[in-house]
Every structure is written in C-alpha cells, then in structure tokens.
Amino acid sequence: GGIDFHIKRSIEKGKIVKKIALKDEDGMEHYYQERVSAFKLKDFVALFGAEGLVLQQYFGDYDLSPFDEGLSPRLIMIFKKTELR
C-alpha cells in the first residue's frame, strides 16, 4: 500500500535484533524493535528433549531444503513425543 519498510538486522548479546522504520500514508514515522533469542539447533534439541520430545527431521526453509546454519533462512523442526514407560 505504498509504505516502505526499512529493516536492519543484527546480533547483540545472543539476541537477534530487528530494527524497523516506516512512514505511514499520513507521513508519520514509526519505529519498532524486535528482539528474539538466537537459539541453535542443539539448544532446541536440549529444550524439547527435557520435555520428552525427540528430533525426527529438520529443514532450512519452507521447501524442506537441507538446513545450513550459515545460509538457511529458517529452521523447521519436527519432533516426536517419546512413549512413557
């Protein structure tokens, strides 16, 4: 709708930081910041494993391409609940 978003991404103290600036249709400027923890695959395996989930498969994008930590835009994981004894 004619709005330009200006997005800058960086990693700061273990967080992925996304700074977003835009100007709306009325000319008002808006600034937002998003911070999320920068977990790695091993972190998810440990967190989910503590809840009885086991990693089955993982992919690097919505086309289910192989995951490459340095290149993949996403980390898509499939976990399965282990059976209780």
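1. A definition to begin with: buried means under 20% relative accessible area, exposed over 50%, and partly exposed in between (1.4 Å probe, protein chains only). By that scale Phe79 is buried, with a relative accessible area of 19%, while Phe48 is partly exposed at 31%. Of the 85 residues of the protein, 14% count as buried.

2. A word on provenance. This is a predicted model, where local features need pLDDT of at least 70, side-chain atom pairs count only at pLDDT 80 or more, and totals for chains, interfaces and linings use all residues. Residues are numbered from 1 along each chain as its sequence is written, and side-chain values use heavy atoms, with hydrogens and water left out.

3. On the fold, you will find 1 helix and 5 strands (DSSP runs numbered from the N terminus: H or I of at least four residues for helices, E of at least two for strands). Their order along the sequence is β-β-β-α-β-β. The radius of gyration (over C-alpha atoms) is 18 Å, well over the 12 Å that the globule rule gives for 85 residues, so the protein is more spread out than a compact globule. That rule is 2.2 Å times the number of residues to the power 0.38.

4. Now the rings. Those of Phe, Tyr and Trp (its six-membered ring) pair if their centres lie within 6.5 Å; planes under 30 degrees apart count as stacked, over 60 as edge-to-face and the rest as tilted. The count comes to 4 aromatic pairs. Phe48 and Phe79 are stacked, 4.3 Å centre to centre with 20 degrees between the planes. This pair links helix 1 (residues 41–49) to strand 5 (residues 76–81), 31 residues apart.
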